[in-house]
Amino acid sequence: MPENTHDFGHYGARGIKGSAAAARQLDRLVEGIASPVTSRRGLLARLHYLSKSPHALRQARAAGLTVTDRTLKAWLAGDRRPNRVNLDRIDRAYWAVRRLNVARYLLTRLNSRGGTRVELHPVNQSQVAQPHQRVLGFRSLNIRRWDGIVAAWVTGDERALDDAWVDQIADLGSDWGKYEYVTNLGFAA
């Protein structure tokens, strides 16, 4: 029953979909190259990561890096510099490949020891008129199987991620609809 709350924010509540908050938290758990792609160091680190093996290069091409091998070699040698559009493609491809490479490790950590506890922070109702406010409190939930959530996050499939997220928060019982949207959620791996 994704999107059960069809008219979220009608009375002024503020928050984001729980699945989007989960994706944001998973993104935070993926560490990568800290230097920006616009710096020489950041660019070279990303290019080396994306071209270190034929498998990595195939993943990069699948993630949107569509330049020729000759251009890639020229960038690595410093003979040419990518334009702004290609810098964005390199950065997006790097994070997509990085996400794919760490997904198995992350999944193992999230599923270990009986799952991972997730803290759900309810929507912000400060702008909602008193008669329309709902009683919402901080909740926590132990998610035991992260497979569907992580798989949808890796591919960037928002619909599948939302479906997988709702399947998990349904464990809250009849209150699950109150936490379809949240201000924040937290978990660690």
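Keep in mind that the model is predicted. The salt-bridge count comes to 7. Among the residues involved, Lys17, Asp162 and Glu180 are linked in a network, and Asp91 pairs up with Arg46. On the helix side, α5 packs against α6 at an angle of about 165°.

- Asp162 and Lys17 form a salt bridge, with their closest N and O atoms 3.4 Å apart.
- That pair links distant parts of the chain: Asp162 belongs to helix α7 (residues 158–169) and Lys17 to strand β1 (residues 16–17), 145 residues apart.
- Glu180 joins these two in a network of salt bridges, and you'll find Glu180 in the loop between α7 and β4 (181–182).
- The side chains of Glu180 and Lys17 also make a polar contact, at 3.3 Å.
- How accessible are these residues? Asp162 has a relative accessible area of 4%, so Asp162 is buried.
- Lys17 comes in at 18%, and since buried means under 20%, Lys17 counts as buried too.
- Glu180 is at 2% relative accessibility, which makes Glu180 buried.

**Asp91 and Arg46**

- Asp91 forms a salt bridge with Arg46, and the closest N and O atoms sit 2.8 Å apart.
- Asp91 lies in helix α5 (residues 84–111) and Arg46 in helix α2 (residues 40–51), so this bridge ties together parts that are 45 residues apart in sequence.
- Buried or partly exposed? Arg46 is buried at 3% relative accessibility, whereas Asp91 is partly exposed at 24%.

**Asp147 and Arg145**

- Another salt bridge joins Asp147 to Arg145, with 2.9 Å between the closest N and O atoms.
- Asp147 has a relative accessible area of 32%, so Asp147 is partly exposed.
- Asp147 turns up again in the helix packing, as one of the α6 residues that meet α5.

**How α5 and α6 pack**

- Two packed helices are described by the angle between their axes and the distance between the axes.
- For α5 and helix α6 (residues 147–155), the angle is about 165° and the axes are 10 Å apart.
- Because angles over 145 degrees count as roughly antiparallel, α5 is roughly antiparallel to α6.
- The crossing of these two helices, α5 and α6, is right-handed.
- Which residues meet? From α5 there are Arg99, Leu100, Ala103, Leu106, Leu107, Leu110 and Asn111, and from α6 there are Asp147, Val150, Trp153 and Val154.

Note on methods
Residues numbered from 1 in each chain as written. Predicted model: local features only at pLDDT ≥ 70, side-chain atom pairs only at ≥ 80, totals over all residues. Heavy atoms only, no water. Salt bridge = Lys/Arg side-chain N within 4 Å of Asp/Glu carboxyl O. Helix = DSSP H or I, 4+ residues; strand = E, 2+ residues; numbered from the N terminus. Buried < 20%, exposed > 50% of the residue type's maximum accessible area, 1.4 Å probe, protein only. Polar contact = N/O pair within 3.5 Å; in protein donor to acceptor, adjacent residues only side chain to side chain. Axes fitted to C-alpha atoms, helices over the stretch in contact; angles between N-to-C directions. Parallel < 35°, antiparallel > 145°, perpendicular 65-115°, else oblique. Left-handed = near helix turned anticlockwise from the far one by under 90°. Contact = heavy atoms within 4.5 Å.
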